[in-house]
Amino acid sequence: MATVLDECHRFYLERAPVRGTWVRLSNSISDMFSHHSYPEVVAQALAELSCTAVALADALKFEGDLIMQAQSDGDSFLKLLAVEVSDQLLYRGVAKLDEEQLCPARVPALLADCQRLVLTIAPKHDAQQYQSIVALNTDGIAAMLEGYLKDSQQVPSAMRITWQANVATALLLQKLPTHSAEEDEAWRRSLSLFNTLSTEELAELPAQDLLYRLFHEEQVRLHPARSVGFYCPCSNARVAKALRLIGEAECRDILAERGQIDVHCDYCNKPYQFAEADLYALFSGQAVYEPAPTRH
């Protein structure tokens with residue numbers, strides 16, 4: 001395969017009431033996984049959820065973050081699977097595991113013990129958050145999104161995701177409102193064409209070639225690509241804010257026991273250390289240095 005760019009394309013079909021999104025993640029996935037060592041099935045699930053979150057974020061017209069979290073409260077191998085993506089299509093993801101439990105072999109089995117998949121839209125500027133529960137589906141993450149868009153958003157949809165050679169690719173198809181029998185038939189025709197898509201085509205072809213092969217008779221209108229990247233906004237100041245919430249007494253107890261407070265970001269594993277002088281500055285109201293944000 002040629003050099004892979006991490007990008008997202010939105011498209012429309014001129015002769016059918018259809019819009020869609022194509023996403024391919026490669027370098028950003030490698031950046032995300034460079035901070036963790038996951039079993040293959042967990043890597044696949046996190047890559048598929050990342051593709052799903054990016055596709056949804058691209059379709060939303062807002063400033064803020066979209067967060068998808070699958071959680072389990074029981075004795076299961078997967079405890080948490082989470083992806084956060086911004087309106088600029090910068091994302092990060094993490095999985096938390098119980099290594100004492102048996103690791104499932106396939107993604108549907110991995111997600112089977114999760115109690116819920118929560119989708120949160122968090123606008124900037126302290127606007128009210130929107131949160132919904134995505135029904136779990138034993139057929140996998142793509143099927144979960146299809147069900148959510150159909151049942152919660154009343155948008156008939158179809159989605160395919162593939163994970164091969166550390167590259168994740170997704171294609172999402174959505175039905176626009178129709179007002180005639182001809183438009184309904186055009187949607188059904190487009191869906192039939194979508195269902196002819198092979199795993200190899202989805203994994204290997206660039207967006208333009210893939211969409212032309214599937215929908216050339218429907219006249220595809222492809223929007224310019226948007227770049228996608230891994231980015232973790234953790235910082236010294238963010239960790240300091242979390243320590244303030246813990247409280248000075250508890251922080252000093254940890255300091256007395258360990259000599260310093262060590263914190264690691266769950267997403268990128270970056271270490272942060274707070275010593276006696278740092279705690280004094282933190283709880284005496286002095287400013288805590290925040291380094292400039294870095295895009296991974």
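A pocket is an open set of grid points, where a 1.4 Å probe fits, with protein on both sides within 12 Å along at least five of seven lines. The close-up views below all come from a predicted model.

**View 1. The second largest pocket and its lining.** About 370 Å³ of space lies in the second largest pocket. Its lining is made up of 16 residues, and those nearest the centre are Asp65, Ser86, Tyr231, Pro233 and Arg238. Three strands, β4 (78-86), β5 and β6 (116-123), each supply at least two residues of this lining. By class, seven residues of the lining are nonpolar, three are polar and six are charged.

**View 2. The largest pocket and its lining.** The space in the largest pocket amounts to about 560 Å³. Among the 25 residues lining the largest pocket, Cys234, Arg238, Val239, Ala242 and Val263 are the closest to its centre. At least two lining residues come from each of β5 (90-97), α8 (236-246), α9 (248-258) and β13 (261-264). Helix α8 gives the most to this lining, with eight residues. The lining comprises 16 nonpolar, two polar and seven charged residues. Arg238 is listed among the residues closest to the centre of the largest pocket, and Arg238 is also listed among those nearest the centre of the second largest pocket.

**View 3. Packing of helix α2 against helix α4.** Helix α2 (residues 40-59) packs with helix α4 (residues 141-151) at an angle of about 30 degrees, and their axes are 9 Å apart. Because angles under 35 degrees count as roughly parallel, α2 and α4 are described as roughly parallel to each other. The crossing of α2 past α4 is right-handed. On the α2 side, the contact involves Ala45, Glu48, Leu49, Thr52 and Leu56, which meet Ile141, Leu145 and Leu149 of α4. Six residues in this contact are nonpolar, one is polar and one is charged.

**View 4. Packing of helix α9 against helix α10.** The axes of α9 and helix α10 (residues 276-283) cross at roughly 175 degrees and come within 11 Å. Since angles over 145 degrees count as roughly antiparallel, α9 and α10 are roughly antiparallel to each other. Helix α9 contributes Glu248, Cys251, Arg252 and Leu255 to the contact, while α10 contributes Glu276, Leu279, Tyr280 and Phe283. By class, the contact of α9 with α10 has five nonpolar and three charged residues, with no polar residues. Helix α9 also supplies at least two residues of the lining of the largest pocket.

Notes: Residues are numbered from 1 along each chain as its sequence is written. This is a predicted model: local features need pLDDT of at least 70, side-chain atom pairs count only at pLDDT 80 or more; totals for chains, interfaces and linings use all residues. Side-chain values use heavy atoms; hydrogens and water are left out. Axes are lines fitted to C-alpha atoms, for helices over the stretch in contact, and angles run from 0 to 180 degrees between N-to-C directions. Helices (H or I, at least four residues) and strands (E, at least two) are DSSP runs, numbered from the N terminus. Angles under 35 degrees count as roughly parallel, over 145 as roughly antiparallel, 65 to 115 as roughly perpendicular and the rest as oblique. A crossing is left-handed if the near helix is turned anticlockwise from the far one by less than a right angle, and right-handed if clockwise. Contact means heavy atoms within 4.5 Å. Ala, Val, Leu, Ile, Met, Phe, Trp, Tyr, Cys and Pro count as nonpolar, Asp, Glu, Lys and Arg as charged, and the others, Gly among them, as polar. On a 1 Å grid over the protein atoms alone, a cavity is a set of points where a 1.4 Å probe fits but cannot get out, and a pocket is an open set with protein on both sides within 12 Å along at least five of seven lines; lining residues have an atom within 4 Å of a point. Grid points are joined across faces, edges and corners, and a volume is the space filled by probe spheres set on the points.
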